[in-house]
Each structure stands twice: as structure tokens, then as C-alpha cells.
Number of protein chains: 2
Amino acid sequence: MITNSELKYIKKLGRKKYRNLHSHFIVEGEKVFKDFFESNIQIFKSYSTKKVKGQKNIIVTDNCMKKMTFLKNPSNVLGIFSTPKEKITPINKKVLVLDDVSDPGNLGSIIRLCDWFGFKNIICSKKTVDCYNPKVVQSSMGSLARVNVFYEDLKCYLSKVSIPVYGTFLQGESMNKVKFPNEFVLIFGNESNGISKSISKLVNRKITIPKKSKSLVDSLNITSATAIIMNEISTQLFKS
Amino acid sequence: MITNSELKYIKKLGRKKYRNLHSHFIVEGEKVFKDFFESNIQIFKSYSTKKVKGQKNIIVTDNCMKKMTFLKNPSNVLGIFSTPKEKITPINKKVLVLDDVSDPGNLGSIIRLCDWFGFKNIICSKKTVDCYNPKVVQSSMGSLARVNVFYEDLKCYLSKVSIPVYGTFLQGESMNKVKFPNEFVLIFGNESNGISKSISKLVNRKITIPKKSKSLVDSLNITSATAIIMNEISTQLFKS
């Protein structure tokens, strides 16, 4: 069983303010929990509806899990993990930069893509959704345990960078015509507004995904666009 | 102003049962509304918080729109459109097949991808989320006005098909090694369980996205996977 104050504490961690205050965040789902459990990230407490070998979870009823969960369909396990200590933000390394990405599902999927394509670091603008938001953790499917996410003033960050800076735009050079180097910065903008004006000025090359159909559609969802561009980069670097 | 019964009617259209009963669905957001408004899909009624040239919207207050909306942040316009009359399901044409895709955001993004890459038809299993669900309409960003979505018994549908059937799996032949013909069927499965066993048996070739990093991540989100595979197909067909 869990106490009322424990339940309250878990619910509070749905909000960024309390996650920052307590340096804790919630992980749910067997697969995602396992990825965090096996990572270097410290576990604080965990709850499950059944015993799991090798895990010291507090056993709770299904009904109790229903009260605790942030998911539509509660899983068998919920863990409270400690936010990893801040690392030094990497400069002049291959990074993905996100300028005010607001949807938790998108950030989660992008973290998963970074994990898949070997991008170890993501630099987010301060207004980008918090990576420890339960929905981000969930949609990253455990990849957040392996990819570093930093929050920076992007103008300040980019001013220190001396490697090529690519930005993704609706209008730009076709990504297929760009030869990506080993180290570069790749920027994606907000879902509705794209890369902000002040950040656009710091982009060296504007790139785009060429549309091969005659359809009236003018853009792709940010997750789709990230997937296509990262795959192109990965194919290029793998060939060379 | 709108009446209470109008408000109730709109809210009912959030549920598949009532959408089917009345053959109406909801469209929100200026861009998405414009795409539907300019398509062949018939409009039944529309509401907006300000006058728009060329549109016969009923003007409502912001507060009223807040009550009507299915969005977190209400837009300026909400339309009720008539579900298009059922067309004949295309057989032996290039189609995307979805086997029990459940997340509305994923289906919406996939419809947008189909629009971008020139896939005009999607065949969904009966259990796939309804394409007129407000969240699907929203995340398709107007592409639903241009892409046909059919709901079929997949086993029955695939038994009639005599063109190559590709299925996407975690284990399979690298998509880069497959030469895609002009007409084919491409199947994606459910977010958690992939393509069901009974449908797997009807697949001619199992394909996968090769992972080029050493990461522990074992799969991608279905939207990301669809984006990458469609881009590969489009690149191949464009070259040939």
C-alpha cells in the first residue's frame, strides 16, 4: 500500500515546478521502467502490481496504480527516479537543437530517433517542453535513459559554436544536396512557427525535405521531418 | 450565438457512434478548416469567433468556442462537415495498410505523410482508430481532405490482392535492399504489438529499417518508421 502523502507526491511530479524542486520524475511501463532501471539513473522508489525478480518494488493493488498513473491505461509498474546531475553542455559536437518544441509526444519521439540514429545530445531552448514530463518520458520509450537533453539559451549557445549549423525550413536547399560533415548542429523549430527569427540568423545553411508529389500539403509533422532528415544524414555518413 | 442543443450535438460528434449515426465530423483550426472548406467535402455548419471573407460562419464568442472545442487551445473556427460518401476500396493499387493503429496522433501524422508522398489510399483494419476522430482530423492538418481512408477486414482485403505485399517488422530484410515496384501494398502494425499473426501470413516480404548506431533502442515510433520507409520508396521511384 501507499500513503496519501506518497500519492500526493507522485501527482505533484506531473508538474515541472515540483520536478525541479525535488529533482525527481516519473517512469511508467514495464519496458520503459526496465530501461531506466538498468541505466545509471538513480531510482528513488518504485511501485508495481506484482513481484518482479531483481526489483525492490512496493507492491500495490491495481486500483492503487490507477490512482497513481499518468497514463490512460495504467501499466504494472511506476518508478520515481532522480533527475541526473547536470553534465556540461557539449559545444562543437554533433547535436540536435530544438527551438521551442511544445508537444510532449513529439519531444519523446525525437529523443527515440536520436537514440536510434546515434545523436547522443539534444540542446533545447528554455521554452521547449520539459523532457521529464511524464508524456515525454513515456513516448521516448526508455531512450531518455540514453540520450542527454540540455536546456540552454539558444542564442548564447549557438554564438559559441564554430561547426556548421543547419536549420530546417519549409523553403531551403534540398537535404539530398547537402553533404553532412561528421560534426554539425541541426536545428528544428516549433510545430506551428518553425525556427524563430532570431535563431534563423545564426543558421549557416537552410535545408528542406524535397516534396516529390504534387499534393497541396506544405509541411510534415516535426517527428516525421526529423526521422527523414536523420535517416538521410545517417545514410550519407554510413556510405562515406 | 449557438443553442444548447447545437452545443450538445457538437460534443456528441466527439464519439464514433454519433459520427456514424449522423455522418458528420468536426474540423477545427484555421488552416485545417480552410483545407476542408476548399475540398469537395460538404460543409454542414460552421462557427467562428470573427468574420472571414467568403465563409458563412455563425459568429460566436470566445467563451462559446471554448465550450465547443475539442482542442486544448481553441482556434477561431469550428466546422461540421459531412462524412464523404464511401468510395470503392481500391484493389491492386499502391496502398498503405494499417493493422490496428490505435493512437489518433499517429494516424493523423500518417495521413499527412501519405499526402506528402503521394499515397492516395489507406486501408485500415476495423480496429484502427476512426479517421474522423477530432484528434486524427487535427493532426492530419487537412491532409484527410485529400487522402482516402477505408476500413476493411484486412484478411479478406489482402486475399484479393495480387500485387507484392510488404510488411514492416523489427526483424526483416533491410528496406534499402528492396526494389519497390510502382504498385504494392505496405503494411504497418499496431504501436505495441506490430502486425498481427494472421496478417503476417499474408505478407510476401518482411522489411525493416536498418539501425546504424549501436544503441539499445529496438524500435521507432510508427510515425517515424512510416516517414523513413515512405521516403526510401519515394527516393527509389523518383530515381527510376
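**View 1. The surface through which the two copies meet in this predicted model.** In this predicted model, 100% of the interface residues of chain A are also interface residues in chain B, so the copies meet through the same surface; two residues are taken to be in contact if their C-beta atoms, placed from the backbone, lie within 7 Å. To this contact chain A gives 25 residues, and chain B gives 25 residues. On the side of chain A that touches chain B, α5 (104–117) and α9 (222–239) of chain A each supply at least two residues, where helices are DSSP runs of H or I with at least four residues, strands are runs of E with at least two, and both are numbered from the N terminus. Sorted by class, that side of chain A has 9 nonpolar, 11 polar and 5 charged residues, with Ala, Val, Leu, Ile, Met, Phe, Trp, Tyr, Cys and Pro counted as nonpolar, Asp, Glu, Lys and Arg as charged, and the others, Gly among them, as polar. Chain A is superposed on chain B by a rotation of 180° with 0.0 Å of shift along its axis, at an RMSD of 0.0 Å. The two copies are thus related as by a two-fold rotation axis; the superposition is by least squares on the C-alpha atoms of residues with pLDDT of at least 70 in both copies.

**View 2. Confidence and numbering.** The model scores ipTM 0.92 and pTM 0.94, and chain A averages a pLDDT of 95, with 100% of the residues scoring at least 70; pLDDT is the predictor's confidence in each residue, from 0 to 100. Since this is a predicted model, local features need pLDDT of at least 70 and side-chain atom pairs count only at pLDDT 80 or more, while totals for chains, interfaces and linings use all residues. Residues are numbered from 1 along each chain as its sequence is written, and chains are lettered from A and ligands numbered from 1 in the order in which they are written.

**View 3. Helix α9 of chain A and its surroundings.** Helix α9(A) has 18 residues and reaches 26 Å from its first C-alpha to its last, close to the 26 Å expected at 1.5 Å a residue, the expected span being 1.5 Å times one less than the number of residues. Among the buried residues of α9(A) are A:Ile222, A:Ala227, A:Ile229, A:Met230 and A:Ile233; a residue is buried if 20 or more other C-beta atoms lie within 10 Å of its own, exposed if 12 or fewer, and partly exposed in between, with C-beta atoms placed from the backbone. What covers the buried residues of α9(A) includes α5, β8 (165–174) and β9 (185–188) of chain A, together with α5 and α9 (222–239) of chain B.

**View 4. Helix α5 of chain B.** Helix α5 (residues 104–117) of chain B has 14 residues and spans 20 Å from its first C-alpha to its last, close to the 20 Å expected at 1.5 Å a residue. This helix is mostly covered, with 13 of its 14 residues buried, and α5(B) is followed by B:Gly118, whose phi is positive, near 75°.

**View 5. The two domains of chain A.** The domain assignment of chain A gives domain 1 (4–82) and domain 2 (95–239), with bounds that come from an automatic or database domain assignment. The C-alpha centres of domain 1 and domain 2 of chain A lie 29 Å apart, and 16 residues of domain 1 are in contact with 9 residues of domain 2. On the side of domain 1 of chain A that touches domain 2, α2 (16–22), β1 (24–28) and α3 (30–37) each supply at least two residues. By class, that side of domain 1 has 8 nonpolar, 3 polar and 5 charged residues.

View 6. B:Phe33 lies in helix α3 (residues 30–37) of chain B and counts as buried, with 24 C-beta neighbours inside 10 Å; leaving aside its neighbours within four places in sequence, B:Phe33 is in contact with B:Val27, B:Glu28, B:Val77 and B:Gly79. In the loop between α4 (62–68) and β4 (77–82) of chain A is A:Ser75, which counts as partly exposed with 18 C-beta neighbours inside 10 Å. The C-alpha atoms of A:Ser75 and A:Gly29 are separated by 5.1 Å, although these residues are 46 residues apart along the chain.
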